[in-house]
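Subject: Structure for you to look at

Hello,

Here is the structure I said I would pass on. Please open it first, and then read the notes below with it on screen.

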Amino acid sequence: MDLASLLPLIWAAVIGIAVAFYVILDGFDLGVGILFPFARDDAERGRMLGTIAPFWDGNETWLVLGGGGLLVAFPRAYAIIMPAFYLPIMAMLLALVFRGITFEFRGMAQRKPFWNFAFAAGSTIAGFCQGLILGGLVQGVKIENGAFAGSAFDWATPFGVVCGLGVVAGYALLGATWLMMKTDGDMARRAGDKARLLLVAVLVFMAAVSIFTPLEFPRIAHRWFSLPNLYYLLPVPILTALVALAEWYWIAARREVAPFLATIALFLLGYLGLAISIYPYIVPPDLTIRAAAASPSSQTFMLIGTLVLLPFILGYTALTYWLFRGKVGATTAYH
Amino acid sequence: MELDPVLLARIQFAFTISFHIIFPSFTIGLAAYLATLEVLWGWTGAERYKRLAAFWTKIFAVSFAMGVVSGLVLSYQIGTNWSRLSTVAGNVIGPLMGYEVLMAFFLEATFLSIMLFGGERVPRWLHVFSAVAVAFGTALSAFWILSANSWMQTPAGYAMEGGIAFPRDWWVIVFNPSFPYRLAHMLNAAFLTGGFVALAIGARYLLADRHVEESLTMLRMAISLTAVLAPLQLFIGDIHAENTLKYQPTKIAAMEAHWDGSKPADFEIFAWPDAKTESNLFSISIPHVASLLVTREWDGLFPGLKDVPPRDRPPLPNVFFGFRIMVGLGLYMIAAALFGAWLLWRGRLFETRWYLTVVANTWWVGFVAVISGWVVSESGRQPWLIHGVLRTADAVSPVPAGSVLTTLVLFVFVYLFVFSFGAYFINRLINRGIEEAALPTKTPQLASGHP
């Protein structure tokens, strides 16, 4: 295979990785927002915000990279996905406006309850809409002559709602285990209690999606259950089960870091599972990665930039996580 | 009533992008100002620089957050509203925007965190470096997004195959004909916008006899900057127009409301350019001056609106009045900056209270000039989305008008709400004033808001 024919696959991997970064990084800070209503008091909410304030902007930039990357590398997919999911995308963006602005506004506002609500609702709606979009994408998008040809509410299905709730639960689990890691004492303990419930919920949603999709879509059943695929792919569900079991134990043991890492592993495995179900399509059931690809010149031009710049981005992202490491204590939270 | 999806998509995009541009046009200049203050602080150790930097950083943080959230919306709206644009030109403009994300957005987001929350955790040099990195990031962001915008105005370095643009020469694409002018014009506008805000706030404090030492520093810096940049902007604008005349002559014709290209053009001080009668109503004009300005000759000829069929003409009032508002405010900025410089030189700035009162109340001139300028540029390129390649009407997404209208209403409500609160909070920060504490030891908890 020459470079030109490899390029679309390389780019699919790059965007896949960018989206994975987004889901995990913004996932935990959206998750903290989803858990906002369940905090004991405003002091605790301030502490929750404090754990994510230095990171949220960088985290959200991965969403711009995911969308931008799609435009760069797969403009035809971008041109279909954006109109197809117009309403959930717009709702997600408006929700993100509200929650993003809360970081600056809540502290200055006299009326905290409103901004608490804005933050919680914004985070939850954003996560739910992302799930709706994911569900809609797995189900497939109607395309005619290279353009979206469905209707405005094609994404509004029970499966989409299940995916939406699943993503909300997943983000909340990331948020809860993040709080186990970044806080201490009673607050960390209660985060652990929530994490346990959320882990169960996430596993139920993962199971539901794993059972429903092969039953509903023959292409997905064929991907997973035909031989020899089954042998190669069997490690994915087995590993998922093992990680879930370990996480259950680690949460019960009130380990500080392990539950968060296990949640990340759980997300990556679920993500891998979806990628296996969807491949080689970028917009199922018709548009493949190869057919959606931008011109080789565009993909090469951007790939060079990505290879040069991504190490820097990862470097200074790591720098901030290192600078702001450690627990956000109750004593420093308020005065 | 039949809703026109193209018009709705345009109104929605015009609204969200006009709202967004307010923040970058402020934060680009402010970031550079903050970097300068931090460097001066690192260099001289003078505490007043640090206090000023700490004060402006808070205002910067609020403005930047509003810029981030409204910018995120735009990065998706290009697809939700204009999906045909990505099909036709994604190969070319996609990478330009991709570079913006990779080079600028991550840099800004990361180092802004260090600026805001670094406090005592980071050494002084890293603090100064972060401010410079954020300023550099905002300028890089402007570089790439203006390159993409300019390519749509003056496309170059590509070839059309099967109705899709394919890149041929990336250097020519990035540095397309109108890009250097647009970039210089916009960056300079951003510096002027920030300069006039700093001028206003310095004057406001001085009039109230608050923070005198810091205000004097602020005023000196702002006047020195704007006294150079405001006249320079007139020059840049002029050569930018010369470039536009070459590549988008209809835009110039609309700016001057010039109909008949076979005759020299009068300069319309006021008029209502009327598309139906193809003439200017209520016109007050100076003969030949538009010809003189545009072509540098008294009898110079340049293409008029009638040189192209009506369907190729831009919406006239937007372009015509936008241009006049921009130029008027630009002339005000030149006058205010030069007069301020003269007062400063004569040592009379601080007692000329009427001058301070005027500039204290014209903090908004840069913002309005920037928005008017963009209205000229963006309305003026209509009916084309990509000049000569793709019409706006052909680029619209296959989305029902009802969806667009619903979200448009939501955007208006949400943005006005967010904007009102943002303006209210920024005003409160200004009223609260510059804190005596030397260091912004903003812990993450503080950022979440408890001073």
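Two residues are said to be in contact if their C-beta atoms, placed from the backbone, lie within 7 Å. Keep that in mind for what follows. Also keep in mind that this is a predicted model.

**The two domains of chain B**

The domain assignment divides chain B into domain 1, made of 1–171 + 400–451, and domain 2, made of 177–258 + 308–391. Taken over C-alpha atoms, the centres of domain 1 of chain B and domain 2 of chain B are separated by 19 Å. Where they touch, 33 residues of domain 1 of chain B are in contact with 35 residues of domain 2 of chain B.

Which elements give two or more residues to the side of domain 1 of chain B that touches domain 2 of chain B? They are helix 1 (5–44), helix 2, helix 3 (83–117) and helix 4 (124–153) of chain B. Helix 1 of chain B gives the most to this side, with ten residues. By class, the residues on this side of domain 1 of chain B are 22 nonpolar, nine polar and two charged.

**One residue in chain B: Leu385(B)**

Leu385(B) sits in strand 5 of chain B, which covers residues 384–386. Is Leu385(B) buried or exposed? A residue needs 20 or more other C-beta atoms within 10 Å of its own to be called buried. Leu385(B) has 22 C-beta neighbours inside 10 Å, so it counts as buried.

Leaving aside neighbours within four places in sequence, the residues in contact with Leu385(B) are Trp82(B), Leu85(B), Met152(B), Leu390(B), Arg391(B), Thr392(B) and Ala395(B). Take Trp82(B) from that list: Leu385(B) and Trp82(B) are 303 residues apart in sequence, but their C-alpha atoms are 9.6 Å apart in space.

**A helix pair within chain B**

Two packed helices are described by the angle between their axes and the distance between the axes. Helix 7 (residues 212–247) and helix 8 (residues 249–256) of chain B pack at an angle of about 120 degrees, and their axes are 5 Å apart. That angle makes helix 7 of chain B oblique to helix 8 of chain B. On the helix 7 side of chain B, the residues that meet helix 8 are Ala241(B), Thr244(B) and Leu245(B). Their partners in helix 8 of chain B are Pro249(B), Lys251(B) and Ile252(B). The residues of this contact between helix 7 and helix 8 of chain B comprise four nonpolar, one polar and one charged.

**Where the two chains meet**

Between the chains, 64 residues of chain A are in contact with 58 residues of chain B. On the side of chain A that touches chain B, two or more residues come from each of helix 2 (42–52), helix 3 (56–73), helix 4, helix 5 (86–108), strand 2 (147–148) and helix 14 (296–323) of chain A. Helix 5 of chain A supplies the largest share of that side, 16 residues. The side of chain A that touches chain B has 39 nonpolar, 19 polar and six charged residues.

One helix pair spans the two chains. Helix 4 (residues 75–84) of chain A packs against helix 2 (residues 47–81) of chain B at an angle of about 90 degrees, with the axes 7 Å apart. This makes helix 4 of chain A roughly perpendicular to helix 2 of chain B. From helix 4 of chain A, the contact uses Tyr78(A), Ala79(A), Met82(A) and Pro83(A). From helix 2 of chain B, it uses Tyr76(B), Gly79(B) and Thr80(B). The residues in this contact of helix 4 of chain A with helix 2 of chain B are five nonpolar, two polar and no charged.

**Each chain as a whole**

Chain A has 14 helices and four strands. Its radius of gyration is 20 Å, close to the 20 Å that the globule rule gives for 335 residues, so chain A is as compact as a globular protein of that length. Of the 335 residues of chain A, 54% count as buried.

Chain B has 15 helices and six strands. For chain B the radius of gyration is 23 Å, close to the 22 Å that the globule rule gives for 451 residues, so chain B is as compact as a globular protein of that length. Buried residues make up 54% of the 451 residues in chain B.

Regards

Notes: Residues numbered from 1 in each chain as written. Chains lettered and ligands numbered in written order. Predicted model: local features only at pLDDT ≥ 70, side-chain atom pairs only at ≥ 80, totals over all residues. Axes fitted to C-alpha atoms, helices over the stretch in contact; angles between N-to-C directions. Parallel < 35°, antiparallel > 145°, perpendicular 65-115°, else oblique. Nonpolar A, V, L, I, M, F, W, Y, C, P; charged D, E, K, R; others polar. Rg over C-alpha atoms; globule rule 2.2 N^0.38 Å. Buried ≥ 20, exposed ≤ 12 C-beta atoms within 10 Å, placed from the backbone. Domains from an automatic or database assignment.
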